[in-house]
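Here's a friendly tour for anyone meeting this structure for the first time. Have a look at it below, and then we'll walk through it together.

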Amino acid sequence: TWHLKKIPQIVRERTFSLDSPKFEAKTKLELNSVCGIECQRKLPVPSLSDLKNLLSYETVFENGTRTLTEVNVLGAVLDPAGNTTTRRPSRKKRQIYGTDSRFSIYDKRFMTNFPFNTAVKISTGCSGILVSPKHVLTAAHCLHNGKDYVKGSKRLRVGLMKMKSRGNGRKRKGTSDGMPSFQWTRVKSTHIPKGWFKGVSGDVALDYDYAVLELKRPHKRKYMELGISPTIKMMPGSMIHFSGFDNDRSGQLVYRFCSISDESNDLFYQYCDAEPGSTGSGIYLRLKEPNKKKWKRKIIAVYSGHQWVDINGEQQDYNVAVRITPLKYAQICFWIHGNDENCTQG
């Protein structure tokens with residue numbers, strides 16, 4: 001069951017104008033980190049002043065201007081124990097081998113309907129998920145490498161999957177009736193938490209690998225609601241689901257599900273089969289609504305992708321997702337609504 005939680009408040013304090021970004025960084029769909037599962041567990045719990053700094057955010061507008069908004073955090077519960085677990089994942093090879101457990105969605109009855117039609121493609125090469133009539137949730141590193149915004153993010157676009165119509169006009173060369181294509185929409189503004197700007201070398205940057213894009217026009221589709229990430233033991237079979245546009249299956253929507261192997265306060269670790277391109281996908285659960293028999297899907301994490309880390313002097317890999325904690329729920333909800341009145345319960 002989805003459990004209601006009281007959400008901390010994110011309150012805007014001051015907004016400053018910044019110089020326009022250079023937009024010269026290269027897009028990296030896979031990241032290198034030095035802080036693995038055990039390292040993440042040992043990170044100190046941020047203080048209130050740390051949280052105010054980490055949850056302040058940059059906004060980049062379509063004309064290239066940029067602002068920094070400082071925030072205050074009210075009602076945050078700083079739990080030193082957090083929700084860590086002592087479970088250890090079985091070591092698995094991340095790249096696909098043997099049986100590929102991914103499913104390409106070909107049938108347009110599925111592709112153009114909920115929940116699969118909430119998956120979108122980002123023009124920098126990643127995936128994302130619709131979380132309001134005008135907002136998309138994705139990974140921060142799809143837009144920014146920790147030091148500068150990536151090439152192409154100045155004229156950022158979001159592609160929504162649609163089916164080509166069987167019109168009477170001429171078919172364009174290389175297309176066929178009933179094949180999927182993308183309807184591209186320009187992005188009006190982008191929000192990235194300041195926690196991501198600690199730099200690629202900063203150990204806690206992975207915890208803040210998420211961003212929200214505001215579209216120029218509403219999309220008129222059913223979108224996926226946000227949910228607060230439960231602990232592994234509160235998930236049916238510890239099972240998660242996500243869909244994205246993997247690079248090795250061009251133009252196809254790829255769905256997968258798997259169990260979560262381990263967790264830290266801010267991250268999930270899992271070994272779903274995935275390839276670059278699916279980064280930024282919204283990870284969702286299906287749980288019952290309180291006091292109702294209906295099931296409801298909600299986004300509880302953002303797929304950050306394949307990570308390499310040093311463990312005892314050796315390079316090891318895993319797949320990581322950024323959990324939507326109460327604080328991150330408050331921030332993303334604030335970005336979507338522009339106030340905290342609609343974000344008191346999550």
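Are C126 and C142 buried or exposed? C126 is buried, and C142 is buried too. Keep in mind as you read on that this is a predicted model.

## Two disulfides

You'll find two disulfides here. One of them joins C126 to C142, with 2.1 Å from S to S. This link ties together distant parts of the chain: C126 is in the loop between β6 (119-122) and β7 (127-130), while C142 is in the loop between β8 (135-138) and β9 (157-163), 16 residues apart. Look along the S-S bond and you get -95 degrees, a left-handed link.

C333 and C343 also form a disulfide, with their sulfur atoms 2.0 Å apart. Here, too, distant parts of the chain are linked: C333 belongs to helix α4 (residues 326-337) and C343 to the segment after α4, 10 residues apart. The torsion about the S-S bond of C333 and C343 is about -85 degrees, so this disulfide is left-handed. C333 has a relative accessible area of 4%, so it counts as buried. C343 is buried as well, because its relative accessibility is 4%.

## Rings that pair up

Now for the aromatic side chains, which make nine pairs in this structure. F182 sits in strand β10 (residues 180-193) and F245 in the loop between β13 (239-244) and β14 (253-263), so to speak a link between distant parts of the chain, 63 residues apart. F245 is buried, because its relative accessibility is 3%.

Y255 and F257 make a tilted pair, with 6.1 Å centre to centre and 40 degrees between the planes. Y255 is buried at 14% relative accessible area, whereas F257 is partly exposed at 36%. There's also a cluster in which ring pairs link Y57, Y208, Y210, F334 and W335.

## Charges over rings

Y208 turns up again here: the charged end of K328 sits over its ring, 5.1 Å from the centre. R157, for its part, lies over the face of W184, at 4.7 Å from the ring centre.

## A nonpolar patch

Finally, look at the surface, where V45, L48 and L78 form a nonpolar patch. Together they have about 220 Å² of accessible area. V45 lies in the loop between α1 (37-42) and α2 (48-55). With a relative accessible area of 34%, V45 is partly exposed.

Methods
Residues numbered from 1 in each chain as written. Predicted model: local features only at pLDDT ≥ 70, side-chain atom pairs only at ≥ 80, totals over all residues. Heavy atoms only, no water. Patch = residues over 30% accessible without salt bridge, like charges linked within 9 Å, V, L, I, M, F, W, Y side chains within 5 Å. Areas by Shrake-Rupley, 256 points an atom, 1.4 Å probe, with all protein chains shown as cover. Salt bridge = Lys/Arg side-chain N within 4 Å of Asp/Glu carboxyl O. Helix = DSSP H or I, 4+ residues; strand = E, 2+ residues; numbered from the N terminus. Buried < 20%, exposed > 50% of the residue type's maximum accessible area, 1.4 Å probe, protein only. Disulfide = S-S within 2.5 Å. Phe/Tyr/Trp six-rings, centres within 6.5 Å; stacked < 30°, edge-to-face > 60°. Lys NZ or Arg CZ within 6 Å of the ring centre and 35° of its normal.
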